[in-house]
Amino acid sequence: MSPLVTQVSWTNHLLIMSGSKSAEERHFYLSLCVKEHYSKRELERQMDSAYYERSMLSSKKLPPQSVPQSIRSNILDTYVLEFLDLPEDFSENNLRKAITHNLKQVILEFGKDFTFIGEEYRVQVGGQDFYIDLLFYNRALSCLVPIELKIGKFKPEHIVQINFYLEALDRTVKKPNENPSVGVVLCASKDDAVVEYALSRSMSPTLVSDYKLCLPDKEALQAKLREVTDIALEQADK
């Protein structure tokens with residue numbers, strides 16, 4: 001018996017065995033249960049939201065040169081926020097408020113190493129006040145994580161904004177024993193080519209993620225993961 005199995009409840013073990021399609025997926029959820037201490041309901045939600053497929057797809061994307069792989073493994077490329085229950089036409093303020101009102105589910109989705117610090121977190125630069133949408137701390141990365149929310153498609157100018165906040169945090173808020181802050185632009189959609197160009201010359205550890213407001217099509221994600229894996233194998237054989 002795998003040592004991981006002995007650290008997972010029998011109920012969660014059965015869920016993983018019945019819901020996983022591969023040994024890799026089973027090991028992923030077993031490891032995640034041990035790390036995050038999931039309840040049965042939390043595990044069901046993660047499996048329903050295709051957390052495994054989203055994590056694997058994130059890991060297969062090469063991060064910018066300024067972002068170590070350890071950071072990429074702690075921040076997903078796509079987040080599922082189906083629990084926010086937002087109106088059809090919502091603003092960035094609506095999105096921010098919905099996230100802060102549903103922090104328990106947000107931390108489940110982001111990972112329990114994330115700790116919420118503040119909403120519209122104020123930083124002062126040159127006598128002016130600036131406000132970061134959401135500020136978190138990540139225990140695994142030992143750093144501040146400012147998140148800028150966008151209700152539309154990613155734009156290159158968003159990088160200028162988040163990099164400004166990173167500099168302000170590192171100069172005035174970060175403690176000497178902490179690592180440099182890591183920025184996240186969380187937008188409704190993104191073009192990967194535009195993101196790659198926007199980040200190619202950035203020296204700051206910044207990532208761009210998108211969010212979905214409904215549970216994903218799990219079969220479509222599984223097909224995409226198979227396609228990406230096959231392409232990687234073909235390139236490795238060349």
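This is a predicted model: local features need pLDDT of at least 70, side-chain atom pairs count only at pLDDT 80 or more; totals for chains, interfaces and linings use all residues.
Student: How many bridges join strand β2 to strand β3?

Tutor: Strand β2 covers residues 114–125 and strand β3 covers residues 128–138, and the two run antiparallel. Within this pairing, Y121 has I132 of β3 as its bridge partner. The number of bridges that join β2 to β3 is 10.

Student: Which residue in the turn between β2 and β3 has a positive phi?

Tutor: β2 and β3 form a hairpin, with 2 residues between the strands. In that turn a positive phi of about 60° belongs to G126.

Student: Are helices α1 and α3 roughly parallel or roughly antiparallel?

Tutor: The axes of α1 (residues 10–19) and α3 (residues 40–48) come within 10 Å and cross at roughly 15°. Because angles under 35 degrees count as roughly parallel, the arrangement of α1 relative to α3 is roughly parallel.

Student: Is the crossing of α1 and α3 left-handed or right-handed, and which residues in α3 do those of α1 meet?

Tutor: The crossing of α1 and α3 is right-handed. By class, their contact has 4 nonpolar, 3 polar and 2 charged residues. From α1 the contact takes in T11, N12, L15, I16 and G19, which meet, in α3, K40, L43, E44 and M47.

Methods: Residues are numbered from 1 along each chain as its sequence is written. Side-chain values use heavy atoms; hydrogens and water are left out. Two strands pair if DSSP finds at least two bridges between them. Helices (H or I, at least four residues) and strands (E, at least two) are DSSP runs, numbered from the N terminus. Axes are lines fitted to C-alpha atoms, for helices over the stretch in contact, and angles run from 0 to 180 degrees between N-to-C directions. Angles under 35 degrees count as roughly parallel, over 145 as roughly antiparallel, 65 to 115 as roughly perpendicular and the rest as oblique. A crossing is left-handed if the near helix is turned anticlockwise from the far one by less than a right angle, and right-handed if clockwise. Contact means heavy atoms within 4.5 Å. Ala, Val, Leu, Ile, Met, Phe, Trp, Tyr, Cys and Pro count as nonpolar, Asp, Glu, Lys and Arg as charged, and the others, Gly among them, as polar.
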